[in-house]
Amino acid sequence: TVSSYNVLAPAYVRPVDRRLGEVQPFAAFEWCADEVLEWSSRRAKLVARVKGLCERCDVVALQEVQFEDLEAPAWLREAAPGWTIVVPKRRDLERNAERNERVLGRRVAVGNATLAKGGVDWSASPSSTTLIVGFDGWVVVNVHLDAGSEQKRVDAVFRAVADARQKRKDGKQRGASVDGRGASVDRLVVCGDFNSELHGGSPLGVLFNEVDDDRLETEFEASYGFDRDLDAWRALYFATKAATQLCRERWRRVDTGQTRAAYDHRGDRTVVSWRLDHVAFDDFAAVLVSKEPTLEEISGDALDVGLPNAVEPSDHYPVVAQFAPRQNGSSSSLDESKKKLREALARLQNDEAALFRDLAAAAGAAPTSSSLKKTEAGDSRKKKKTPPTDEERAAIQRRRQLLKDARATALER
């Protein structure tokens, strides 16, 4: 069971951005009372919230953890006693602290942290906002993607997955599954704050198989963080779509809902909601067992008053999903491919049989099973070859096209 939760770093609550000389709208939390944002109030609620996640999860992926002297903060250790806490490299935290001092006037490091109940076999930290852990044949990637650039979001996911693949141990990890070709498969999960709703029509959405070419321009208009170049958006979309076709993984997004509620950043002082936090998995090696409800499914008034509020200590709501190994690497997508292949081959056989019957009828003789076999396989005795008729040529072309389509259907998966 995996959870992802952006905990809202104290340094990101109403800071003055030195580049602008004012607080950015998304960090102003104008819908929140001052006492809701006080760290003394939020701390206890965060400890309780993370403790609750630890009680029902094996991995808890956190974003926007504010570190203390470049170490895991005390509140986090209090929330997860005995758990392994994987944090970014020290140099990455130092670099982030320098950035925060330059932009926000506070030298504090903020980044991801991944909590693992039973320890990890290995871990990697490509950056302060990407952590990868491997254990018992599972690989969990914890990301916090860029808020302003779709290109950076797509690049970060591709890099993280490539790093995860690099860390695979050639099937020697405990519990590694095996795919239909006999190759080892680690069960790969990617989760975090994606800063994207992953709708079809967006490049990041198509990466996770949320494909809808007709929504491309609609999603471009909705993505205010992009650089407002529709041609660049379209090029990135189709480049990502092509690259995804070559991925070994068969991505599926867990169908979670709204996880953030706030004023619309474009100036409308009405609380709206987004699905920004996600869990995705490789459908070839794992199967979704269950998921927990998100904001639109739970009781309370978060969708009306926004986050944080008197109950919720962060501006995001956690997502939780439970997975199980998919046995022998057989997946729904692979089963569907086999079905399509069988159907295509059956059509081929039916078309050929019908053609041979028509040819025999035209010659005035009813075909027999032996004559059909001879027609398909050819007589073993040497005969003088005659050019094929137009109908025979068409049958040969039809056969080749059907086989080509059938093979393509299988290889697509």
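Biologist: Which cut-offs define buried and exposed residues?

Modeller: Buried means under 20% relative accessible area, exposed means over 50%, and partly exposed lies in between, with a 1.4 Å probe and protein chains only. This is a predicted model, in which local features need pLDDT of at least 70, side-chain atom pairs count only at pLDDT 80 or more, and totals for chains, interfaces and linings use all residues. Residues are numbered from 1 along each chain as its sequence is written, and side-chain values use heavy atoms, with hydrogens and water left out.

Biologist: Which residues of α5 are buried?

Modeller: In helix α5, the buried residues are D92, L93, N96, A97, N100, V103 and L104. They lie on the same side of α5 because they cover an arc of only 140° around the axis; the arc is that of the directions from the helix axis to the C-beta atoms. An α-helix has 3.6 residues a turn, so residues three or four places apart point the same way. On the other side of α5, R91 and R102 are exposed.

Biologist: What makes α5 a helix, and how does its reach compare with the span expected?

Modeller: Helices are DSSP runs of H or I with at least four residues, strands are runs of E with at least two, and both are numbered from the N terminus. Helix α5 covers residues 90-104 and has 15 residues. The expected span is 1.5 Å times one less than the number of residues. From first C-alpha to last, α5 reaches 20 Å, close to the 21 Å expected. Just after α5, G105 takes a positive phi of about 80°.

Biologist: Against which strands do the buried residues of α5 pack?

Modeller: They pack against β2 (16-17), β6 (110-116) and β7 (122-127); contact means heavy atoms within 4.5 Å.

Biologist: Why is S202 called buried?

Modeller: S202 has 4% relative accessibility and therefore counts as buried. This residue is found in the loop between β12 (187-193) and α7 (203-207). Leaving aside neighbours within four places in sequence, S202 is in contact with E150, E219, W233 and Y237.

Biologist: What makes the pair S202 and G205 a polar contact?

Modeller: A polar contact is a pair of N or O atoms within 3.5 Å; within protein, one must be able to donate a hydrogen and the other to accept it, and residues adjacent in sequence count only if both atoms are side-chain atoms. A polar atom of the S202 side chain lies 2.9 Å from the backbone nitrogen of G205.

Biologist: Why is L145 called buried?

Modeller: The relative accessible area of L145 is 4%, so L145 is buried. L145 lies in the loop between β9 (138-144) and α6 (150-167).
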